[in-house]
Structures are given as C-alpha cells and as structure tokens.
Amino acid sequence: MLVVGVSGSPRVESNSDILLRGVLEGAAAAGASVELVRLRQLRFSHCLACGWCHETGECRLADGMQGLYARVEACDMLVVASPVQFGTVSALTKAFVERFQCFWAAKYVVGRPRIPASSGKGLACILVSALDR
C-alpha cells in the first residue's frame with residue numbers, strides 16, 4: 001500500500017506538517033510505503049482555466065504538478081493537510097486542488113477517467129485551525 005501525504009502549509013514545521021507526519025509514521029508502522037510532498041517546495045501555477053484539459057484530459061502546464069499527478073494516480077491513499085486561513089484551506093492547497101480539474105475533465109468530459117471508480121483509493125484531509133484566544 002502506498003500512502004502519499006501532501007502538506008499545503010507555507011510554514012516549515014507547521015501544525016499541519018506535524019499532524020501529517022504523524023499520520024504517515026502510523027501508516028509506515030502498519031506496513032505502508034509513504035511519501036511526503038510539501039507544496040511549498042514545488043514550483044507550480046494555479047489553474048489557468050484554458051480549457052485544454054476539456055479536450056485532452058491532461059493539463060498543459062509543464063510544472064511541478066506533473067510529477068504529483070503520477071503520484072496521486074499510483075497511490076492507494078492520499079492524505080492532504082492544510083492550515084485553515086481566512087476560513088478556508090491555504091492558497092497552496094487551493095491551487096493544488098484546482099489543478100485536478102484535468103482529472104475531472106478526463107472523467108466527465110473526455111470519458112477517460114484517470115482513476116477508475118473501482119480503484120478503491122482513499123482520501124483523508126487534515127485541517128488545522130488555531131487561535132491564541
């Protein structure tokens with residue numbers, strides 16, 4: 001089993017990172033292979049809404065997301081961790097999620113799902129919010 005953890009925190013050693021690392025350590029202790037991706041270390045753009053993926057099912061932007069698409073397709077479980085900023089996920093996490101428009105288009109527009117419904121993949125989200133009061 002492969003578990004891929006994606007940290008959407010812009011801060012090093014953030015609460016999101018700490019909790020995600022705990023989940024990955026637990027998965028590894030249970031026998032899973034684990035990978036950690038820190039979005040802050042990737043160079044990638046937000047979705048440009050260019051429509052290319054609605055014709056091909058692929059994203060035309062050649063950046064750090066291309067390798068991440070392959071990791072998501074290969075994993076059995078995806079765990080996304082993000083701080084809550086201004087009532088929503090971080091800008092990094094939002095850009096990451098929006099870039100999966102090509103997966104949606106591949107399935108619903110092009111008719112060639114990149115991840116079959118029968119794959120049994122799991123998804124978990126860790127959302128961290130803290131106030132000092």
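Tutor: Helices and strands are here DSSP runs numbered from the N terminus, a helix being H or I over at least four residues and a strand being E over at least two. In these terms, Ile126 belongs to strand 5. The model is predicted, with pLDDT of at least 70 needed for local features and 80 or more for side-chain atom pairs, while totals for chains, interfaces and linings use all residues. Residues are numbered from 1 along each chain as its sequence is written, and side-chain values use heavy atoms, with hydrogens and water left out.

Ile126 has a relative accessible area of 14% and is therefore buried; with a 1.4 Å probe and protein chains only, buried means under 20%, exposed over 50%, and partly exposed in between. Contact means heavy atoms within 4.5 Å. Apart from neighbours within four places in sequence, Ile126 is in contact with Leu19, Leu20, Val23, Val79, Val80, Ala81 and Ser82.

A pocket is found on a 1 Å grid over the protein atoms alone, as an open set of points where a 1.4 Å probe fits, with protein on both sides within 12 Å along at least five of seven lines; lining residues have an atom within 4 Å of a point. The lining consists of 17 residues, and Val72, Leu78, Val80, Phe100 and Leu123 lie nearest the centre. Strand 3 (77-85), helix 4 (91-98) and strand 5 (122-128) each supply at least two of the lining residues.

A nonpolar core is a set of buried Ala, Val, Leu, Ile, Met, Phe, Trp, Tyr and Cys residues joined through side-chain atoms within 4.5 Å. In the largest such core, of 22 residues, those touching the most other members are Val4, Val6, Met65, Tyr69, Leu78, Phe96 and Phe100. Helix 3 provides the largest share of this core, four residues. Phe96 itself is in contact with Val6, Leu39, Phe44, Met65, Leu68 and Val80, leaving aside neighbours within four places in sequence. A second, separate core has nine residues, including Val3, Leu24, Ala32 and Ala81. Ala81 is also one of the contacts of Ile126.
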